[in-house]
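The following exercises are to be worked through with the sequence and the three-dimensional model at hand. Each consists of a task and a stepwise solution.

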Amino acid sequence: MFDTAIAGSLPKPAWLAETEKLWPKWKSEGAELAQAKLDATLLWIKAQEDAGLDVIGDGEMSRQHFVHGFLEQVEGIDFEHKVEMGIRNDRYKAMVPQVVAALRLKGRVHAAEARFLRAHTTRKIKFTLPGPMTIVDTVADKFYGDRVALAFAFAELLNQEALALQADGVDIVQFDEPAFNVYMADAADWGVKALERAAQGLTCTTAVHICYGYGIKANVDWKNTLGAEWRQYELVLPALAASCIDQVSLESIHSHVPAELMALLEGKDVMVGVIDVASDQIETAEEVADTIGRALQFVPRDRLIPCTNCGLAPMSRAVAEAKLAALAAGAALARQRYGAG
Ligand code: ZN
């Protein structure tokens with residue numbers, strides 16, 4: 001009960017890349033960089049195990065950004081000529097690569113880090129991929145001319161990689177879809193279908209992460225405009241409840257998401273965000289257990305997975321480590337409080 005997991009990303013050590021940045025520059029290149037990425041992965045496997053987490057991830061040490069890491073292995077994308085684009089409905093600007101031809105995978109994307117992760121922990125492992133709709137929102141299209149067609153083209157490639165990750169021994173494949181919380185009507189209309197295409201044929205556990213974004217200023221400013229009650233999830237959760245995806249990760253602590261919206265996910269495992277990624281303040285075990293307690297009114301205890309609200313990538317290493325420990329301590333307290341007896 002209350003197996004713990006993180007949404008995905010963790011801070012990169014200072015010797016691997018620039019710190020506390022969303023698109024950090026690497027500190028080395030070639031074979032040296034490849035080794036440094038795996039060294040950093042090992043460091044975070046150990047840190048997650050030491051904290052007491054039940055599901056272990058690679059912390060996304062091998063990718064510069066959660067979307068562009070995947071795109072680097074896709075043929076038909078021009079990384080040489082990036083253009084500035086407003087993303088997440090113009091919430092912020094980013095320099096993004098362009099789709100210039102039909103898409104095809106150059107080869108495996110995450111084989112090295114997935115196999116490394118499998119080789120270095122006996123616990124359950126989760127691997128994250130960007131979701132099709134979020135990729136479409138983080139790349140400039142000069143070829144397909146249609147967001148839905150582009151999303152399904154990416155979904156096919158994601159599916160190839162997801163099936164290969166399963167074969168590598170990954171227990172949970174998670175797709176990250178923060179765009180579901182921005183384009184709610186499109187998400188319910190075709191975003192979830194594209195997601196299901198990406199997950200087609202998987203027999204391992206499948207998950208989707210939705211959220212209000214990393215704790216960067218543009219996201220914090222946006223959240224301040226959303227009013228007292230954040231009901232974005234209300235529009236997309238029913239479509240996810242009807243989908244083939246097993247687990248849904250959403251933000252809870254310190255957000256204005258009404259807890260009752262989790263009831264819309266009946267039949268799914270719910271990864272409940274009990275760790276705030278927009279604040280350096282470390283949660284107490286009581287706070288974490290209280291958040292779990294609120295969610296338990298709407299999520300059965302055997303379906304509740306305490307998790308972080310989002311990735312921890314832009315935070316400091318020390319804060320992230322303390323937050324992992326808080327997550328595990330809070331879940332342990334919740335087991336005492338809400339356990340079967
Ligand atoms: Zn997130």
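**Exercise 1: The surroundings of Ala5**

Ala5 is in contact with Leu53, Asp54, Val55, Lys126, Met271, Ile305 and Cys307, once its neighbours within four places in sequence are left aside. The model is a predicted one.

Task: Locate Ala5 in the chain and decide whether Ala5 is buried or exposed.

Solution.
1. Ala5 lies in the segment that precedes helix H1 (30-51).
2. Inside 10 Å, Ala5 has 25 C-beta neighbours.
3. A residue counts as buried when 20 or more other C-beta atoms lie within 10 Å of its own. Ala5 is therefore buried.
4. One of the contacts, Met271, is 266 residues from Ala5 in sequence, while the C-alpha atoms of the two are 7.9 Å apart.

**Exercise 2: Helix H6**

Task: State where helix H6 bends, which of its residues are buried, and what covers them.

Solution.
1. Helix H6 spans residues 184-199 and bends by about 45° at Trp190.
2. Its buried residues are Asp186, Ala187, Gly191, Val192, Ala194, Leu195, Ala198 and Ala199.
3. The cover over these residues includes helices H4 (132-136), H5 (147-167) and H8 (232-241), together with strands S6 (172-176) and S7 (205-209).
4. After H6 comes Gly201, which has a positive phi, near 85°.

**Exercise 3: Two helix pairs**

Task: Classify the orientation of H5 to H6 and of H9 to H10, and describe the residues in each contact.

Solution.
1. Two packed helices are described by the angle and the distance between their axes.
2. The axes of H5 and H6 are 7 Å apart, at an angle of about 25°. Angles under 35 degrees count as roughly parallel, and H5 and H6 are therefore roughly parallel to each other.
3. The crossing of H5 with H6 is right-handed. H5 contributes Val148, Ala151, Phe152, Ala155, Glu156, Leu158, Asn159 and Ala162, and H6 contributes Trp190, Ala194, Arg197, Ala198 and Ala199. By class, these residues are ten nonpolar, one polar and two charged.
4. Helix H9 (residues 285-296) and helix H10 (residues 317-338) have axes that come within 7 Å and cross at roughly 55°. H9 and H10 are therefore oblique to each other.
5. H9 and H10 also cross in a right-handed sense. Residues in H9 including Val288, Ile292 and Leu296 meet residues in H10 including Leu327, Leu333 and Tyr338. The contact of H9 with H10 holds twelve nonpolar, two polar and three charged residues.

Methods:
Residues are numbered from 1 along each chain as its sequence is written. This is a predicted model: local features need pLDDT of at least 70, side-chain atom pairs count only at pLDDT 80 or more; totals for chains, interfaces and linings use all residues. The bend at a residue is the angle between axes fitted to the seven residues ending there and the seven starting there. Helices (H or I, at least four residues) and strands (E, at least two) are DSSP runs, numbered from the N terminus. A residue is buried if 20 or more other C-beta atoms lie within 10 Å of its own, exposed if 12 or fewer, and partly exposed in between; C-beta atoms are placed from the backbone. Two residues are in contact if their C-beta atoms, placed from the backbone, lie within 7 Å. Axes are lines fitted to C-alpha atoms, for helices over the stretch in contact, and angles run from 0 to 180 degrees between N-to-C directions. Angles under 35 degrees count as roughly parallel, over 145 as roughly antiparallel, 65 to 115 as roughly perpendicular and the rest as oblique. A crossing is left-handed if the near helix is turned anticlockwise from the far one by less than a right angle, and right-handed if clockwise. Ala, Val, Leu, Ile, Met, Phe, Trp, Tyr, Cys and Pro count as nonpolar, Asp, Glu, Lys and Arg as charged, and the others, Gly among them, as polar.
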